[in-house]
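Subject: Structure handover

Hello,

Here is the structure we talked about. Please load it before reading on.

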Amino acid sequence: GDILDDYSRTDGVWILTQNKQFYETNNERDCADKCEAERNFTCRAFLFTRKKLQCLTLAENAKMTVTFTSTDTVLYEKKIYLMQCKRGIGTDYRGTEAKTRRGIPCQKWAEKIPHKPNYTPEKHPNAGLEENYCRNPDADESGPWCYTTDPATRFDYCAIPECEDQITHTGEGPTGECMQCNGEDYRGEVSRTESGLECQRWDVQEPHMHGFILKHYPEKDLKMNYCRNPDGEPRPWCFTTNPNKRWEYCNIPRCITPPAVSGLDSQCLSGRGEDYRGRIAITESGNACQHWNTQFPHKHGWIPDRYLCKGLEENYCRNPDGEKKPWCYTTNSSIRWEYCTIPPCDRTEQGIAGMNNVPVQVPLREECYRDKGQSYRGTASVTVSGKKCQAWSSMFPHRHIKTPDRFPDADLRDNYCRNPDGDSSPWCFTTDPNTIWEYCNLKRCDDHTQE
């Protein structure tokens with residue numbers, strides 16, 4: 001298999017560490033080879049910069065140190081050092097549990113007090129005997145253990161959960177322990193992340209505050225602490241009970257049977273057009289669409305391989321994120337994205353629907369704001385640099401606390417520009433993974449003549 005399969009990849013992240021080595025490499029795989037061959041320290045991760053083709057092997061991963069944003073960098077972390085669960089008897093367990101099943105802190109493997117160890121880092125250099133972490137250097141059938149700091153107890157076993165316990169049964173369909181597409185309809189009961197961390201309950205705000213409240217997402221089945229995908233991520237995830245790890249993906253297997261076809265092949269515009277699968281590939285202003293599987297001229301996160309059921313074929317207009325209607329990135333380097341003009345479906349159906357006594361709310365189209373724009377209620381959703389706004393109720397690509405339930409008076413609808421926090425003018429989070437937020441492309445009302 002690919003050497004990178006053993007690593008977890010995170011785009012746009014740098015981690016602060018003193019123990020590192022610099023190398024010049026041609027690509028990520030060459031850098032992974034350097035990490036595997038590193039002899040100056042135990043290599044747990046590496047950073048690769050695309051422009052400089054620079055490789056940094058690291059002794060620490062994101063669980064052990066500080067992270068911050070770095071646009072051109074990719075962080076690869078060895079999965080074995082992220083796992084908090086054990087496979088089998090746990091001889092390859094390299095997690096950071098450092099107390100016994102009875103809660104007694106472990107003795108460091110390199111120390112001789114209070115117990116003189118038989119297993120030391122010098123005698124067993126490949127057993128991962130670092131710090132005082134639980135390990136299984138002698139292939140004990142009962143799993144990872146450690147020498148204890150209690151003089152009366154030489155050693156004891158550690159309570160490391162089984163990785164296999166994450167998947168208790170393998171049903172089929174949306175309610176089983178497998179997922180279709182990106183797992184938006186997954187309703188299983190897996191409640192541990194892919195590295196073995198226990199999930200935080202959706203109805204609590206500790207240790208992580210969040211905006212995913214059941215009453216605001218009634219159709220997302222945010223029960224207990226089960227893994228879910230309420231915001232269009234590539235697969236189900238959850239907030240974790242580890243204060244140092246806000247959230248993580250869950251290891252849900254893909255269903256063997258293909259998803260049932262439910263009319264997701266519309267050739268015309270119905271509703272918001274999320275089921276549109278036609279071949280229009282030009283925007284409403286006449287710009288040609290960029291292919292979804294390319295990153296030029298605009299870098300983006302809507303990669304077809306990650307979103308299997310969104311219909312991201314060729315450069316056809318689509319609506320993968322619940323926008324007002326289908327859209328695409330454009331081949332014009334100065335215009336990041338635009339909506340497309342899709343012919344509406346049977347007008348007689350629309351006419352029948354219009355006969356219902358449901359009031360149609362037409363949003364007020366304000367193209368300017370007054371004062372700081374805290375009263376702005378228009379429908380602008382593009383930033384000053386032309387980036388598309390992220391929906392306020394979404395946590396992708398940016399997680400945040402500016403949610404509709406926390407700011408009920410700020411009218412945080414859809415992805416419209418707003419000013420919930422008293423900033424200098426309306427703004428929004430962007431759909432560009434490398435730009436968290438920007439001010440919106442709006443003028444002050446007194447900057448131009450009122451009609």
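Below is what was found, from the whole chain down to single residue pairs.

The model is predicted: local features need pLDDT of at least 70, side-chain atom pairs count only at pLDDT 80 or more, and totals for chains, interfaces and linings use all residues. Residues are numbered from 1 along each chain as its sequence is written, and side-chain values use heavy atoms, with hydrogens and water left out.

Overall picture

The protein has two helices and 15 strands. These are DSSP runs, numbered from the N terminus: helices are H or I with at least four residues, strands are E with at least two. Of the 451 residues, 45% are buried. Buried means under 20% relative accessible area, exposed means over 50%, and partly exposed is in between (1.4 Å probe, protein chains only). The exposed surface comes to about 23600 Å², and carbon and sulfur atoms supply 50% of it. Areas come from the Shrake-Rupley method with a 1.4 Å probe; for residues, only the protein chains shown count as cover. Take contacts between residues at least 6 apart in sequence: 62% of them join residues at least 24 apart. A contact means heavy atoms within 4.5 Å.

The sheet and its helix

Five strands make an open, antiparallel sheet, ordered β1-β5-β3-β4-β2. Strands pair if DSSP finds at least two bridges between them. β1 (7–15) and β2 (20–24) are the edges; each has a single partner strand, so one side of each is left without a neighbour in the sheet. From one strand to the next, the twist averages 25°. β1 pairs with β5 (residues 67–78) over eight bridges, in the antiparallel sense. In that region, Tyr-7 stands opposite Lys-78 of β5.

Helix α1 lies across β1, β2, β3 (45–49), β4 (54–58) and β5, and runs at about 150° to β3. Axes are lines fitted to C-alpha atoms, for helices over the stretch in contact; angles run from 0 to 180 degrees between N-to-C directions.

Lys-34 is worth a look. It sits in α1 (residues 28–37). Leaving out residues up to four places away in sequence, Lys-34 touches Tyr-23, Thr-25, Cys-55 and Thr-57. Its C-alpha atom is 8.0 Å from that of Tyr-23, eleven residues apart along the chain. Lys-34 counts as partly exposed because its relative accessibility is 34%.

Salt bridges

The whole structure holds 20 salt bridges. The criterion is a side-chain nitrogen of Lys or Arg within 4 Å of a carboxyl oxygen of Asp or Glu.

- Asp-11 with Arg-9: the closest N and O atoms are 2.8 Å apart. Asp-11 is partly exposed at 36%, and Arg-9 is partly exposed at 41%.
- Arg-101 with Asp-156: the closest N and O atoms are 3.2 Å apart. The pair links distant parts of the chain, 55 residues apart, with Arg-101 in the loop between β5 and β6 (145–147) and Asp-156 in β7 (residues 155–157). Arg-101 is partly exposed at 49%, whereas Asp-156 is buried at 6%.
- Lys-310 with Glu-184: 3.2 Å, N to O. Lys-310 lies in the loop between β9 (247–249) and β10 (327–329), and Glu-184 in the loop between β7 and β8 (237–239), so the pair ties together parts 126 residues apart in sequence. Glu-184 is partly exposed at 21%.
- Arg-187, Asp-221, Lys-223 and Arg-228: salt bridges with shared partners join these into one network.

Best regards
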